[in-house]
Each structure stands twice: as C-alpha cells, then as structure tokens.
Amino acid sequence: MSAQTAERPPATSAPHSLRRRRYGTLTHPHRTGLALVTPAVALVVVFVFVPLVVAVYISLTNFPLIGPYRFIGLDNYASVLTDPTFWSALGYTLLYTAIVTLPILLLGYGLAVLVRSNRRGATLLRTIFFVPFVIGLTTLSFLMLLEAQPNSGLVNVALKGLGITDGTTAWLVDGPLATGLLCVMVVWGVSGLTMVLLMSGMQGIPREVYESAEIDGASWWQRELQITVPMLRRTIAMTVILSVIGSFLAFTQFYILTQGGPGSETTTIVMAIYRRAFVQLQLGAATAMSLVLVVITGLVTAAQFWLLRERS
C-alpha cells in the first residue's frame, strides 16, 4: 500500500503541465515572443502593406499628382497593356538584363577565385575590386558622364591611343554605343558585390575536399567544375537573382547618362514610369505600370528559383 502511494505522481504535476502548454515554456513564454516580433510586424505593416494598399487604390484612379481625381477602375491597366512605350521599355530592360547578368557573374566568380586565399596581397585586391560597388552607381555615372565626352574624355583618349577610334566618338548620343558603355560600367561597378558573396561561399568549402580531389589526380578546372560550382549552387543562384532584380529596377545610371535617349532608345521600364508620373503628371497610370512591373519581377524571380533549385 505504501509502495503504491510512493509511486503516485504529485498532484500538482498536471496543472503545471497544462499551464506550460497554455502559456509556453518558462524560458520562452508566448508573450515574450509576441513582444519581440511586434516591432517588425509594425514596420512591415506601416512601410509595406499600407503603401501597397494605397498604391493599388491610386492605380484605380486618374490621379494627376496635382488637382482633383476620380475613380476609373481598371482603365489604367488596360492603357498600360496596350501602350507601345511600355512594351518598348520592357523589351529594352530585358535586353539590358540579358547583357549584364552573365558578365557580372563570370567576372565576380573570377575575382572571387583570385582573392579567396589568404596569400599576401589578397586583402588589398579585395578592397580594390570592391571599391566601385562602395562608391555606388550614382557617383560612377557622373564620372562616366565626364569621361565619355568627345575629344576630352578619358574613354576617347584611351581608345585613340590604342588606335581603335579617332577620339571623337559621342558615346551618349547613340543608342547602341550608350548601351554598351552603360553595360561595361555596370558590370565593373557591381561585380565587386558578386565577388564578396561568392568568396564567402568558397571559403566555407572544407579544404579536405579539394585535397582529396587533388590526390585523386583532379586538375584545377575539374576541382572548380566538380566541387566549387556544385557546392556554391545556392550562392550562385542568389547572386543571379539579385543581379536580375537590380537590372529590372535600373534607373540611376540611365537617368544621369542618357535620360532615356536618344529618343527612347535607352528607356528602361523604371524610366518610363518616371516619365509618366513626373513629366506627364499621370500618377495613376504610373502606379499601374509600377504594379505591373512588380508582378513581372515576381514571376521572373519565381522562374529563377524554379530553374536554379537543387534537384535531388
């Protein structure tokens, strides 16, 4: 009888268990978790959700930026989808994205291979290669605006010295030449970020894996293609997605160097939205274009996630 009484659990264990399930553990109560996430949720609501709702409403009106407006439903979206300027700008943006994405990845990968070791001078090279990204596209664009001038710019002086041109090329008033110059500048300015991301991934690969492959007789190219690239798949996918999104939203360099010209030959989709909103003062239509761009960017990003996913 006494043994059965000793083995009986304490009467207070059930209420304590019920209380823990109701209010969380002693070290992680539910109220603490809610208090910690509330600021982040509030920021998302205030700076993401509310502006998105306002943007959707504005896109359904003929908001003129200055003056009265009225509700017009889906007319702005119908206008955007039948606007040749929108499709021309979207086509140019896709072309620009296709041109710069692969060079940014390849140059960033090459620079990462060059500086991933801890040999002497690697830190200095990392700093030099990363400086253009730190400076930013705005500053680089203003510098390029000066250096691309005919007769006086460094670009023409250097090409004339190499015997490639006569030194009087007007780079920014010709659509293909301006596009080429912009692409070179962007690849140079953005590859530093890709280098840092890929280098971080490379340094996380165990050295023993390379040593085993080297003992098996694998060459440097074989080690890169069969070890480094597969183990960097997620990092490479992330850099490609960031590059594509950045190219879709390109505006600063085009506004400073060409302002979408000559004509509309270098007009990106964001430049077209800017003109519709602040030149033509059609903020409702511009907001509709922005939301269409958000949907297109989301679809492209989802397609990239699907194509770059890890296959078992």
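At what angle do the axes of α9 and helix α12 cross, and within what distance do they come?

## Packing of α9 with α12

In this predicted model, the axes of α9 and helix α12, the latter spanning residues 233-248, cross at roughly 165° and come within 9 Å. Because angles over 145 degrees count as roughly antiparallel, α9 and α12 are roughly antiparallel to each other, and their crossing is right-handed.

On the α9 side the residues involved are Thr194, Leu197, Leu198 and Gly201, and these meet Thr235, Ile236, Met238, Thr239 and Leu242 in α12. By residue type, the contact of α9 with α12 divides into 5 nonpolar and 4 polar residues, with no charged residue.

## Packing of α7 with α9

Helix α9, which covers residues 175-203, also packs with helix α7 (residues 137-147), here at an angle of about 140° and with the two axes 11 Å apart. That angle makes α7 oblique to α9, and the crossing of these two helices is right-handed.

The contact is formed from Leu137, Leu140, Ser141 and Met144 of α7, together with Leu181, Met185, Val186, Trp188 and Gly189 of α9. Its residues divide into 7 nonpolar and 2 polar, and none of them is charged.

## Nonpolar cores

The largest nonpolar core of the model contains 38 residues, and within this core Phe86 and Ile269 are those with the most contacts. At least two residues of this core are supplied by each of α4 (75-81), α5 (84-115), α9, α10 (207-215), α12, α14 (269-278) and α15 (283-307), with the largest share, 9 residues, coming from α5.

If its neighbours within four places in sequence are left aside, Ile269 is in contact with Phe86, Ala89, Leu90, Thr93, Phe248 and Leu293.

## Burial of α14

Which residues of α14 are buried? Helix α14 is mostly covered, with 7 of its 10 residues buried, and these are Ile269, Val270, Met271, Ala272, Ile273, Arg276 and Ala277. The helices against which the buried residues of α14 pack are α5, α12, α13 (252-257) and α15.

Definitions and conventions. Residues numbered from 1 in each chain as written. Predicted model: local features only at pLDDT ≥ 70, side-chain atom pairs only at ≥ 80, totals over all residues. Heavy atoms only, no water. Axes fitted to C-alpha atoms, helices over the stretch in contact; angles between N-to-C directions. Helix = DSSP H or I, 4+ residues; strand = E, 2+ residues; numbered from the N terminus. Parallel < 35°, antiparallel > 145°, perpendicular 65-115°, else oblique. Left-handed = near helix turned anticlockwise from the far one by under 90°. Contact = heavy atoms within 4.5 Å. Nonpolar A, V, L, I, M, F, W, Y, C, P; charged D, E, K, R; others polar. Core = buried A, V, L, I, M, F, W, Y, C linked by side-chain atoms within 4.5 Å. Buried < 20%, exposed > 50% of the residue type's maximum accessible area, 1.4 Å probe, protein only.
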